[in-house]
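Please look over the sequence and the model before reading on.

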There are 2 protein chains.
Amino acid sequence: MAKIPHRIILTEEQMPKQWYNLRADMKEQPDPMLNPATLKPIRTEELYPIFCEELAKQETDCTTHYFDIPEPVLDLYMTYRPSPLCRAYHLEKYLDTPAHIYYKFEGSNTSGSHKLNSAVAQAYYAKQQGLTSLTTETGAGQWGTALAEACAHFGLGLDVFMVKGSYNQKPYRKSVMQTFGANVIASPSDTTRVGRAILEMDPETTGSLGCAISEAIEKATTTPGCRYVLGSVLNQVLLHQSIIGLESKVAMELIGEYPDIVVGCAGGGSNLGGLIAPFMQDKLLGKANPHFIAVEPASCPSLTRGRYAYDFCDTGKVTPLARMYTLGSGFIPAPNHAGGLRYHGMSPVLSKLYHDGYLDEARSVEQTKVFEDAVLFSRLETVLPAPESAHAIHGAIQEAIRCREAGEKKTILFGLTGTGYFDMTAYTSYLEHTMTDYIPTDEDLQPGFDSLPQI
Amino acid sequence: MAKIPHRIILTEEQMPKQWYNLRADMKEQPDPMLNPATLKPIRTEELYPIFCEELAKQETDCTTHYFDIPEPVLDLYMTYRPSPLCRAYHLEKYLDTPAHIYYKFEGSNTSGSHKLNSAVAQAYYAKQQGLTSLTTETGAGQWGTALAEACAHFGLGLDVFMVKGSYNQKPYRKSVMQTFGANVIASPSDTTRVGRAILEMDPETTGSLGCAISEAIEKATTTPGCRYVLGSVLNQVLLHQSIIGLESKVAMELIGEYPDIVVGCAGGGSNLGGLIAPFMQDKLLGKANPHFIAVEPASCPSLTRGRYAYDFCDTGKVTPLARMYTLGSGFIPAPNHAGGLRYHGMSPVLSKLYHDGYLDEARSVEQTKVFEDAVLFSRLETVLPAPESAHAIHGAIQEAIRCREAGEKKTILFGLTGTGYFDMTAYTSYLEHTMTDYIPTDEDLQPGFDSLPQI
């Protein structure tokens, strides 16, 4: 048999033209979002003040299996997709493992990450509805960059509330968003009621995704022609990100492979949910039984140490309630360079699948170990990974070593969500040994759990 | 006919496995390099103290048409190559031009540019010869990053002399090189004799590529097991970079296109020479007549305002003499954000082709115009270009507009050499209107010309 190429890139014809809605194949559905005022399941129309209508419909649709990707979205996708499925030959050789290691590389676009997949979709639907601007939050800056790019393309205004820790650590991220015409605001800020309230309680806070979400929603709901968009956690985001897994599956079929193990980094779940989608479908339908592993930071361990409970999606408690693994919306994660994984909760779909045992395993890991593998990987495979992505690299390397020790020739697939070009401060602190690890004690986690709504 | 895809990416089988040596098809050869002491043509063996032997042979070989790409080089190439040939549909639509615009995108690797193509080759040959370390210079940081990556891969030590202007403007570039294990030194430095001499004359200098070259050569020739490598200008570099043009040509053949116009940015000539190589072959052999355009910065106009003369390749006057278009090795370019194009000379091969009229046209352009098109392009095509690459974008846009005005449906190919992730300081200064243009007067150029050797 011919050697499998280093990179498998589908043609435009081979690229899937529909998104896959994982919920439609789940026998047990995630619990519905609740209106926090009534504690009743939220109706689609109740979401219209926050989300544009088409996205609100996608958010609550648990029955439609596939959604056509609109033509203008496909047309922008094709400037950077299909993305390559890469065989990590050099890493395999270095690890001396019989495992086959594949990674789906989502970093080949200006935004530098998979976030663009949903940004393009969300900006398109907003434009279709005649909206004039959007608001959002960003942690590591990947989502904000992706959305800035999408908004520039479709001609929409954009306010980005950027977690203050990242805002200060990543000035160039800010510049990229500004290059695409976005207005970037450090969060918490004094431009919103909720931001001012948080600053009053803790003027020195470095912020969090949950807090930035609150500010962005307040701005969206108080500005005419404006809506809020979110880059993770939501069902609609997992839907759009299914393109990652769908392409991966087609590419693997072409080379006669199927993953025994699928590894993804987990913050809000956008990449993990998209990557595993079609393979999880196989599992739900009893067609295959891949082992799914979520890797999250030890400093923000929502799956491994959180509670499966109804909670607000934001710190300001203005969102609907979602049932998910959560550290509590009052949990403010310690400053951690892997900014994009600093979120108190986890996608309700993934939470449900984890709760029911379909998402097999979650691991939390300290960032110095993550960076060790990030540096190794970059030297072997010519990709400098984002710290978020490096969590998945770490998990895949653990599995490949296990395969070596057990003499098992398994096929490992992991998601390499983006590049680390804007994370050099973090790389430098790792290289200079000034990077520290933080594992919260149970006591550290208690205030977050205390903030959970009593339902 | 089916619509041409947004991106054409060759398979590994379709990828060329040999480099093409343009000199072998030039009826009139570039003038030979001279030993500055004897003024006689330099023999290959005389280059061995500077370059490793295989590269010295490639440097002086004017007759071999094709060189096999060694297996380990191919194996690393394939982690990021074949690179995509992209159809700029969104740009075409925006410009309302009948022209077809293609760009060969070389930014999809950690180094962020085409420079990796030659870095991998040069590091490989050095390792083969049993050398233990290399030295080099870098302007914008692209070459240094690429070489750091290649040296990390093959296990070689590396000292990078980085032009001081870039060193200060691009701290994260430095971090990337350090992540790959390189030792990065701001040039001019006090670690070399020539660096100390330049600093004595002008302690405030922001440096230049020519000066950094002098330092790197001094370090290489005074350190056992060490050689010098260069990312542009040299014949061997153009040879390795021919992979850009060779892939482009195969990809265009697959979709039934051939370029009427080929546009490249021009600093030392590494990208332009590689991009045009196989198309120039067609022109030299009378098979086709594409129009070649070099675009250089107005602040460092070696082709448009330089002299075709024998000159040193470095400021310290330690290199052999090459006949090329040059502003004089004593020319210190004004600080200019497009750092990679700040070099006083131009590849001798390209210089000869320009002098003889085969390289049809050279244009110089102010950087604010370049950045205007860079921002436009990034918003339309999801690629944030390096400032160097944006010179080519500017040239291609000028041609596409000309096609619209003339109603001509020409096919334009340009080289998009890399990404601008590390150039956000420059983008910010453009966006904040603090970026200025600099066009040297004839008087400004005179000291450079006065520094030319009297031959």
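The model is predicted.

**Helix H5 of chain B**
- H5(B) runs over residues 142-154, which makes 13 residues.
- At 1.5 Å a residue the helix should span 18 Å, and its end C-alpha atoms lie 19 Å apart, so the two values agree.
- Most of H5(B) is covered, with 11 of its 13 residues buried.
- Among the buried residues are B:Trp143, B:Leu147, B:Glu149, B:Cys151 and B:Phe154.
- The cover includes four helices of chain B, namely H2 (71-77), H4 (116-128), H7 (171-179) and H15 (387-406).
- Strands S6 (133-138) and S7 (157-163) of chain B also belong to that cover.

**B:Asp311**
- B:Asp311 sits in strand S12 (residues 307-312) of chain B.
- B:Asp311 is buried but has no salt bridge.
- The nearest side chain of opposite charge is B:Lys317, 6.3 Å away. A salt bridge needs the charged atoms within 4 Å.
- The side chain of B:Asp311 does make a polar contact with the side chain of B:Thr326, at 2.7 Å.
- Beyond four places in sequence, the contacts of B:Asp311 include B:Pro320, B:Met324, B:His344 and B:Leu452.

**Chains A and B**
- Chain B superposes on chain A by a rotation of 180° with 0.0 Å of shift along the axis (RMSD 0.0 Å).
- The two copies are therefore related as by a two-fold rotation axis.
- The copies meet through the same surface, because 100% of the interface residues of chain B are also interface residues in chain A.

Methods
Residues are numbered from 1 along each chain as its sequence is written. Chains are lettered from A and ligands numbered from 1 in the order in which they are written. This is a predicted model: local features need pLDDT of at least 70, side-chain atom pairs count only at pLDDT 80 or more; totals for chains, interfaces and linings use all residues. Side-chain values use heavy atoms; hydrogens and water are left out. Helices (H or I, at least four residues) and strands (E, at least two) are DSSP runs, numbered from the N terminus. The expected span of a helix is 1.5 Å times one less than its number of residues. Buried means under 20% relative accessible area, exposed over 50%, partly exposed in between (1.4 Å probe, protein chains only). Contact means heavy atoms within 4.5 Å. Copies are superposed by least squares on the C-alpha atoms of residues with pLDDT of at least 70 in both. Lys and Arg count as positive and Asp and Glu as negative; His and the chain ends are not counted. A polar contact is a pair of N or O atoms within 3.5 Å; within protein, one must be able to donate a hydrogen and the other to accept it, and residues adjacent in sequence count only if both atoms are side-chain atoms.
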